[in-house]
Amino acid sequence: MRIKEHPILSVPSEKTYLTFYFEGRVVYATSEDTIASALIANGFDVFGFTEHKHPRGFFCAIGKCSACLVEVDGIPNVRACITPVREGMQVKMQVGRGKPKW
Amino acid sequence: MVRHVKALVVGSGPAGLTGAIAIAESVGDGKDVVIIDEGIEPGGQLPKQTHKFFGHEGFYASVRGFEIGNLLVKKVKSLGVEIIQQATVTGIYEDVITVYDRVNNIVNEYLADYLLIATGATEKFLAFKNNTLPGVYGAGAVQTLMNQYKVLPGQSFLIVGAGNIGLIVAYQLVQAGAEVKAIVEASSRVGGYAVHANKVKRLGIPILLRHTILEAIGKDKVRGAVVAEIDERFKPIPGTEKEFVVDAICLAVGLQPNVELVAQTGAKLVYIPELGGYVPLRDENMRTTVHNVFVAGDLAGIEEATTAMIEGYIAGYNIAQELTGKSFKEKIEKMKKELEEFRRGPFSKKVRDGLKKMGIVFPEGGYMEEQQIDKGPLGKLRAVIECPQAIPCNPCETSCPTGAINVGGNINGIPQIDYTKCIGCGVCVMKCPGLAIFMIQEKDEYSLVGIPYELLPIPSNGTKVKLLDREGKDVADGEVDHVALNNKGKTHIVFLKVPKGFEDVVRSFRILAKSEEFICRCEEITKEDIERVIDMGITDYEELRRVLRIGMGPCGGKTCRTLTLQILSEKTGRPVSEIELGAYRPPTMPTPFEAVVKSVLTENSEVSENIPGGVKDE
């Protein structure tokens, strides 16, 4: 859920939106978003699964814990929390360690 | 190609930034300094801190964290220091430092004469059932998301840990519009500052001491949490389990230093639990056991941002000293004195004990501990300070235009107020980072209590409110007298009219939500709406209908007429049978015009020719 008003922070009403894809579905993001913030804002809490099929979201949001690994344009192990969004990027859930496509 | 710099700073948080400032200023050229940081924007964890910092003006006390970050970054850039973001130092080898630049997807190589490592800390994890379920977040992670990206990862939160981070995040969640069901804390007392705890308590958020989380409930996302009371050995007591319906759980159970890089330099690590676990062994100049490697901030021992900034300066001036061959002893000594003053208080005990194990001794005590009992002369508009612990903070003292507030010599002192000097201006209320100063004035019929307020909406004069005590419990009804707006600092003062005798009780308020007891479903008219109009003197059903449109929706009053008559009866004392019933007008249900027209057409076919735009043209 996006915060629309805040007593301390300014929340710009005019935002530049861009779109990318998560598991083939269109996600609307602001140009300031990380992959993680855009997914959460759009209600996607599950970013992927562990080897043992446990759902996985983000945990630390600062690039330390590696809970939020996703596959971006075919490249696995991208940390969703510290990767800015890019127009048209294809983000996929990562299962386990992720398998690079050579 | 290997890039060679004189000083390489790892981390653009408060310690790294002040370190870079000290080096660049002293060397006279920022070109010799490069900062590398893996975040998207510089400032480390400062950009997500929306609260005002404690401390003194020299280190931005009473300025909000994200604003401090902006100021430091601006300073660093103005000195010509290059900050490389989205780049991670991946290895420190004997002959080279490797940096992975994520933007350009390339590993660059660096050499540095001096290294200042300020890599900060990581949030600790906690073992409980289902703890990897999406919706279980680090408290700092939630802060990042809501304050930097303006996204709330849930609506209803449980917070684990009542240290400063847990307390601050709870408060900030409410500011962002979320609900905090409870804060659970395993120990028998709140670990954070009392002023932070008081802020959340008076909002009505319970702090459950001697409680822990047992389980996160949910299949693919948190739907709830089970907490339980624990005994002296921190074991859950069977039968005390409670379930909270929440969609997010924040873990605020402490931080651990990010020591990987400093370890790779060959610097010796020591295990000191008081400092957060393994930390680099270092001297009072922040130098590690490797001659040209310095550390500062949370990496050197978990503490807070002000001391991180001071340590950054100390490390920076020492590096500058060696780079230039000049002496910056005076500046270094000044900063060491600052650290000494900050660390005298009771909340620095852990850090003092930890540093003692490294052979670095910091003195304690020497601050004003006495609590002021005098609440000032009755009838005078004045400030009352509720800051019960010795914490390193003094904006009340330095902001008071008449010099009425005094924390004593040391910054940890508990403030005292001289009521012969207080003019009731409220500046200290707006400046206090702990929101721990209130305004009071006894009047003839009622009293005024001024509350520091940083939430939305800002109430207008005359707004009816529930008056709450220090625990957030309803104690009386009141209303907003006026609001002293502070558009720059964003801490406003809401002055409440409270009943006599409640001056020392009321410390918060709740704006009464519009009644949701609907009487007329079609037009969404509540019981309160009807009662308000009756109070205006309108006691006739037909008249009520015209004013409120009650009974004029699609149902034609089938649902609401009896209830409205009952309310009229209750308010006027007349039996329902004596109240004018009002007309029952047709149609009794919405009827399409087409249907009406059709009926006419089938009765009399001649009419069809006269219908404009009708069946036949001439």
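Let me start with a term: a residue is buried if 20 or more other C-beta atoms lie within 10 Å of its own, exposed if 12 or fewer, and partly exposed in between, with C-beta atoms placed from the backbone. By that count, 38% of the 102 residues of chain A are buried.

Some housekeeping, friends. This is a predicted model, where local features need pLDDT of at least 70 and side-chain atom pairs count only at pLDDT 80 or more, while totals for chains, interfaces and linings use all residues. Residues are numbered from 1 along each chain as its sequence is written, and chains are lettered from A and ligands numbered from 1 in the order in which they are written.

Staying with chain A, we have 1 helix and 7 strands, taking helices (H or I, at least four residues) and strands (E, at least two) as DSSP runs numbered from the N terminus. Along the sequence the pattern reads β-β-α-β-β-β-β-β. The radius of gyration of chain A is 14 Å, close to the 13 Å from the globule rule for 102 residues, so chain A is as compact as a globular protein of that length. That radius is taken over C-alpha atoms, and the rule is 2.2 Å times the number of residues to the power 0.38. The C-alpha trace of chain A spans about 45 × 25 × 20 Å along its principal axes.

Now, how do the two chains meet? Two residues are in contact if their C-beta atoms, placed from the backbone, lie within 7 Å. The contact takes 33 residues from chain B and 30 residues from chain A. On the chain B side, β7 (121-123), β8 (136-138), α3 (139-148) and α4 (164-176) each give two or more residues, and α3(B) gives the most, with 5 residues.

On to the inside of chain B. A nonpolar core here is a set of buried Ala, Val, Leu, Ile, Met, Phe, Trp, Tyr and Cys residues joined through C-beta atoms within 7 Å. The largest has 114 residues, and V295(B) is among those that touch the most other members. Helix α7 (residues 305-324) of chain B supplies the largest share of this core, 10 residues. A second, separate core of 76 residues includes A141(B) and V169(B).

Last stop, a sheet. In chain B, 7 strands form an open antiparallel sheet in the order β20-β23-β24-β27-β26-β25-β28; strands pair if DSSP finds at least two bridges between them. Its edge strands are β20 (382-385) and β28 (508-511) of chain B. β20(B) pairs with β23 (residues 437-442) of chain B over 4 bridges, and there I385(B) stands opposite I437(B). Thanks, everyone!
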